[in-house]
Protein chains: 2
Amino acid sequence: MTRMTGIKFEELRIGMFAETTNIMTEEVVVAFADVSGDRNPVHLNAEYASTTPFKERIVHGALLGAYISALVGMELPGPGSIGVSLTLKFKRPVKLGAVVTTRVEVKTLNERMAFATLTCICSVNKKTAIEGETVVYVPRQN
Amino acid sequence: MTRMTGIKFEELRIGMFAETTNIMTEEVVVAFADVSGDRNPVHLNAEYASTTPFKERIVHGALLGAYISALVGMELPGPGSIGVSLTLKFKRPVKLGAVVTTRVEVKTLNERMAFATLTCICSVNKKTAIEGETVVYVPRQN
């Protein structure tokens with residue numbers, strides 16, 4: 001079920017968080033390559049990837065960015081919120097088969113603008129792969 | 001054909017750019033919703049979208065982010081480069097049917113670190129939808 005109404009600005013509290021997990025299957029990586037057009041061989045070609053510093057195929061960083069956006073747009077704050085900015089720092093590569101945990105947490109609230117800043121982390125086995133931050137406009141209660 | 005070798009750090013020049021265009025079809029938006037799990041109704045449900053400030057369905061911002069990553073990872077500098085960071089500012093919504101032009105351009109080169117900073121713009125009819133910046137490590141010539 002897709003929520004149709006997100007959390008309103010007045011209901012947000014610093015420290016609120018949401019989490020999801022995603023498994024980096026062959027299917028997911030190929031589907032992301034298809035939809036994004038990103039067929040960089042480091043993501044798709046095991047032989048090529050073995051010649052890189054990563055030694056094996058790695059997942060698109062932008063796929064993990066999409067998981068962050070999904071969590072913000074669907075859960076915290078959810079539908080109605082409008083993205084202002086997203087910053088991603090790529091800390092560690094993520095390999096095929098990994099289980100990625102994506103967590104977003106309310107860090108600051110700007111009362112005047114009704115903006116929330118959330119920290120965004122994608123991790124594998126508790127090691128940070130992506131560290132980010134997003135700012136969203138959050139509708140107020142009517 | 002996918003290029004297997006990107007541009008080396010010494011070959012990069014400030015002002016070099018690459019561009020692609022993508023059409024925001026129903027198929028693309030649904031495929032991106034499926035792979036990212038982002039089924040926010042503003043992207044998929046016309047009736048819901050008509051109640052939002054956008055009035056109609058809009059494309060996932062993270063999809064445009066993926067086009068930027070694709071261009072950087074496949075063309076400029078291309079395979080071999082390693083993403084360090086990506087920042088996106090969402091300036092205008094993009095509606096279904098739009099033709100999105102994605103352009104990345106080399107802005108600064110850090111000789112010591114072999115880092116390139118590229119400005120990244122997604123636009124529709126020459127109006128900026130996303131303004132971003134990415135930093136990538138670029139391998140040197142052997």
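The area buried between chain A and chain B is about 2800 Å². Carbon and sulfur atoms give 67% of that area. Buried area here is the accessible area (1.4 Å probe) that two parts lose on being put together, summed over both. This is a predicted model: local features need pLDDT of at least 70, side-chain atom pairs count only at pLDDT 80 or more, and totals for chains, interfaces and linings use all residues. Residues are numbered from 1 along each chain as its sequence is written, chains are lettered from A in the order in which they are written, and side-chain values use heavy atoms, with hydrogens and water left out.

**Contacts**
- On the side of chain A, A:M4, A:V35 and A:F90 lose the most area to chain B, together 19% of what that side buries.
- Contact (heavy atoms within 4.5 Å) links 36 residues of chain A with 36 residues of chain B.

**Polar terms**
- Eight residue pairs, both at pLDDT 80 or more, are in polar contact across the interface.
- A polar contact is a pair of N or O atoms within 3.5 Å; within protein, one must be able to donate a hydrogen and the other to accept it, and residues adjacent in sequence count only if both atoms are side-chain atoms.

**Strand pairing**
- Strand 2 of chain A and strand 2 (residues 82–90) of chain B pair in the antiparallel sense over five bridges.
- Strands (E, at least two residues) are DSSP runs, numbered from the N terminus, and two of them pair if DSSP finds at least two bridges between them.
- A:T87 stands opposite B:T87 in strand 2 of chain B.

Conventions:
Helix = DSSP H or I, 4+ residues; strand = E, 2+ residues; numbered from the N terminus.
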